[in-house]
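Subject: Structure handover

Hi,

Here is the structure I promised to pass on. Please load it before you read further.

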Amino acid sequence: MFPDVRQRFQKLAADRPLLILAASVAICATAAVAAPLSRPEGRATLVSAVEQAVATATPPRPTPMRLVWEGADVDGDGRADFANPTGQEPRGHDAYGEGEFGASRDGGSRRHEGVDFRADAGQAVEAPISGYVTRIGYAYPGDQTLKFIEITNPALRYAARIFYVNPDVAVGDAVAVGQPIGRAHSLQRKYPGGMTNHVHLEVMDRAEHRIDAARMIVARLESATAD
Ligand SMILES: [Zn+2]
């Protein structure tokens with residue numbers, strides 16, 4: 001191939017390697033017949049044909065999928081009674097451990113009693129259940145920055161506590177599942193050096209036992225183009 005042609009091919013190949021390979025094979029054959037490469041206009045035709053093909057070709061894309069969160073319908077009325085408070089995945093492994101229910105804490109002397117859902121500091125946090133705000137408190141004694149909100153649902157007989165939220169609601173307010181109730185705190189000052197920002201969600205059942213919130217809030221993959 002001629003030097004100027006080769007240079008432009010190399011640039012294209014670096015940008016779109018698979019496409020350029022396919023386009024070159026197909027177009028070299030036709031362009032060589034239509035306009036011999038020994039003539040400058042032949043080379044120009046070849047290069048512009050390849051560039052045109054690369055510009056207009058649509059590479060095959062995988063079906064776009066999105067993660068949706070489904071809350072359990074515990075009273076059987078056809079509507080979700082639980083919601084993911086941040087819309088994000090549970091916190092995975094980080095410098096401070098794992099975010100799932102029952103994960104080891106304090107070297108194994110206690111268990112994690114909630115589920116940590118990843119959060120961006122300042123993002124809206126939604127009510128994980130419907131009910132009344134029965135308590136707003138501090139997550140840690142002596143620290144007035146990190147708060148929690150407790151919501152109690154006397155009809156379902158579930159309660160939820162959601163930690164590290166700056167509340168937009170007050171004790172006594174009625175809230176609907178999925179309604180914004182506050183903003184997520186940053187945890188970087190409390191846990192420097194590798195803590196994933198998150199909210200910590202504890203769910204208590206009618207016997208006031210803490211249950212695994214991940215059983216009530218389940219991820220499902222669906223086609224992003226679905227209705
Ligand atoms: Zn936690």
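This is a predicted model: local features need pLDDT of at least 70, side-chain atom pairs count only at pLDDT 80 or more; totals for chains, interfaces and linings use all residues.

**Strand E12**

Start with E12, residues 198-204. Buried or exposed? Mostly covered: 6 of the 7 residues in E12 are buried.

E12 has several pairing partners.

- Strand E4 (residues 115-118) pairs with E12 over 4 bridges, in the antiparallel sense. Within this pair, look for Arg118 opposite His198.
- Strand E8 (residues 158-163) is joined to E12 by 5 bridges, again antiparallel. Here Arg161 stands opposite Glu202.
- Strand E13 (residues 210-211) pairs with E12 through 2 bridges, also antiparallel.

E12 and E13 form a hairpin with 5 residues between the strands. Which residue takes a positive phi in that hairpin? Glu208 does, with a value near 65 degrees.

**The E5-E11-E9 sheet**

Next, an open sheet. It has 3 strands in the order E5-E11-E9, with antiparallel pairing. The edges are E5 (124-126) and E9 (165-167), and each of these pairs on one side only. On average, neighbouring strands in this sheet are turned by 45 degrees against each other, direction ignored.

E9 and E11 (residues 180-184) are joined by 3 bridges and run antiparallel.

Best wishes

Methods. Residues are numbered from 1 along each chain as its sequence is written. Two strands pair if DSSP finds at least two bridges between them. Axes are lines fitted to C-alpha atoms, for helices over the stretch in contact, and angles run from 0 to 180 degrees between N-to-C directions. A residue is buried if 20 or more other C-beta atoms lie within 10 Å of its own, exposed if 12 or fewer, and partly exposed in between; C-beta atoms are placed from the backbone.
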